[in-house]
Amino acid sequence: MMTRTHTKTDGTRLAGGAAIQLDGVHKSFGDLHAVRGIDLQIEQGEIVAFLGPNGAGKTTTIDMILGLSRPDEGAVHTLGMSPRDAVSRGLVAAVMQTGGLLRDVSVEETVHLTASLFVQTRDVQECLERAGIWGIRDQRVGKCSGGEQQRLRFAMALVSDPALLVLDEPTTGMDVTGRRDFWSAIRSDAGRGRTVLFATHYLEEADQYADRIVLVRHGEVVADGTGAQIKARTSGRTIRATLDRPDRAALLAIDGVEALDIRGESVTIGARDSDAVARVLLTSMGARDLEITAQGLEEAFMTLTSDDNEGERA
Ligand SMILES: Nc1ncnc2c1ncn2[C@@H]1O[C@H](COP(=O)(O)OP(=O)(O)OP(=O)(O)O)[C@@H](O)[C@H]1O
């Protein structure tokens, strides 16, 4: 667990304590229960990936961390205070997927405008250089590509020198070089104790750039650990078999079954000790056409976040 404390460029240090603390957080939209009891503590200086498929509840949770919405149940604290207080003190900045840009203003003016909202700021040129858009500083925002606009949002987020940076799918629209530059800028800032939480669909991106991955599915945390731990948890084997009348409860009760998908008579199981599971399937469940394959990383991620997965939390 990290105990680094963010140091602003003017030398101000924040008090210790968690950067983000979620306790039993729920959020619904009408009948849709988007976030279903998330408990999460992120320490200052951590780079955390919030990983999950479409509709998992990542943006809904991020909105609550940023004080853009409130939980129906539970509590959210950002840097030991209410999210709104943390944002209004300039301690938190966000790069969201859309919005927030004026088309007729230049790239550099946009960052100056953002800087004018804060008492203490970083040098605008430095932020533009960090984001890799100093070369297009005079270009109108409306003329920028999607990737350049993402870089601009990043420069805007850097200018307040935030203790917590929240990024919702930050590299959408960026090319390979853009992604690499982006993450290297993020990492060098985290060295000074800045906390970074980013949402992504990409397991590879999470694995490569985060210290810790929080995997969400259907509004719940299904796994939480380092990339290596998540991989160990998901790097099992897949067993496919045909069963006459697959019994979900009986299959889940087999020792070592981590994920289960039933389609008609066809059963797919994720398990680390595939031999032991195969033995039970063959000897006591009358399984046929049994096939065992090694799971790839992406496939394992799909299994862990698929609708029929009943796996335990890591
Ligand atoms: N304002 C809203 N009104 C109604 N439903 C909403 C609203 N915002 C989100 N939802 C629903 O809540 C669920 C969670 O959405 P959310 O945007 O948090 O997921 P996500 O993990 O960020 O997905 P994505 O990766 O696609 O951005 C989805 O089913 C979504 O349709």
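Q: What makes Val111, Cys127, Leu128, Arg130, Ala131 and Ile133 contacts of alanine 155, leaving aside its neighbours within four places in sequence?
A: In this predicted model, alanine 155 is in contact with Val111, Cys127, Leu128, Arg130, Ala131 and Ile133, once its neighbours within four places in sequence are left aside; the word applies because two residues count as in contact if their C-beta atoms lie within 7 Å.

Q: Which residues have the most contacts inside the largest nonpolar core?
A: Ala155 is one of them, together with Phe50, Val92, Val166, Val214 and Leu215, in a core of 68 residues. Helix H5, which covers residues 146–158, gives the most to this core, with 6 residues. A second, separate core has 14 residues, among them Leu260, Ile269, Ala271 and Val277.

Q: Why are H3 and H5 called roughly parallel to each other?
A: The axes of helix H3 (residues 107–115) and H5 cross at roughly 30°, and angles under 35 degrees count as roughly parallel, so H3 and H5 are roughly parallel to each other. Their axes come within 9 Å, and H3 passes H5 in a right-handed crossing. Where the two helices meet, Val107, Thr110, Val111 and Thr114 belong to H3, while Leu152, Ala155 and Met156 belong to H5.

Q: Why does aspartate 161 count as buried?
A: Aspartate 161 has 25 C-beta neighbours inside 10 Å, and a residue is buried if 20 or more other C-beta atoms lie within that distance, so aspartate 161 counts as buried. Its place is in the loop between H5 and strand S6 (164–168), and aspartate 161 has a positive phi of about 50° although it is not a glycine.

Q: How do you know whether aspartate 289 is buried or exposed?
A: There are 10 other C-beta atoms within 10 Å of aspartate 289, and a residue is exposed if the number is 12 or fewer, so aspartate 289 is exposed. Aspartate 289 lies in strand S13 (residues 288–294) and has a positive phi of about 50°, although it is not a glycine.

Q: Why is serine 28 called partly exposed?
A: Serine 28 has 15 other C-beta atoms within 10 Å; a residue needs 20 or more to be buried and 12 or fewer to be exposed, so serine 28 falls in between and is partly exposed. Serine 28 has its place in strand S1 (residues 18–29) and touches His33, Ala34 and Asp72, not counting residues up to four places away in sequence. The C-alpha atoms of serine 28 and aspartate 72 are separated by 7.2 Å, although these residues are 44 residues apart along the chain.

Q: What makes helix H1 largely enclosed by the rest of the structure?
A: Helix H1 (residues 58–65) has 8 residues, and because 6 of them are buried, H1 is largely enclosed by the rest of the structure. The buried residues are Lys58, Thr60, Thr61, Ile62, Met64 and Ile65. After H1 comes glycine 67, whose phi is positive, near 75°.

Q: Which domains does the assignment give for the protein, and how many helices and strands are there?
A: The domain assignment gives domain 1 (18–227) and domain 2 (236–295), whose C-alpha centres lie 40 Å apart. The protein has 11 helices and 13 strands, and buried residues make up 43% of its 314 residues.

Technical notes:
Residues numbered from 1 in each chain as written. Predicted model: local features only at pLDDT ≥ 70, side-chain atom pairs only at ≥ 80, totals over all residues. Core = buried A, V, L, I, M, F, W, Y, C linked by C-beta atoms within 7 Å. Helix = DSSP H or I, 4+ residues; strand = E, 2+ residues; numbered from the N terminus. Domains from an automatic or database assignment. Axes fitted to C-alpha atoms, helices over the stretch in contact; angles between N-to-C directions. Parallel < 35°, antiparallel > 145°, perpendicular 65-115°, else oblique. Left-handed = near helix turned anticlockwise from the far one by under 90°.
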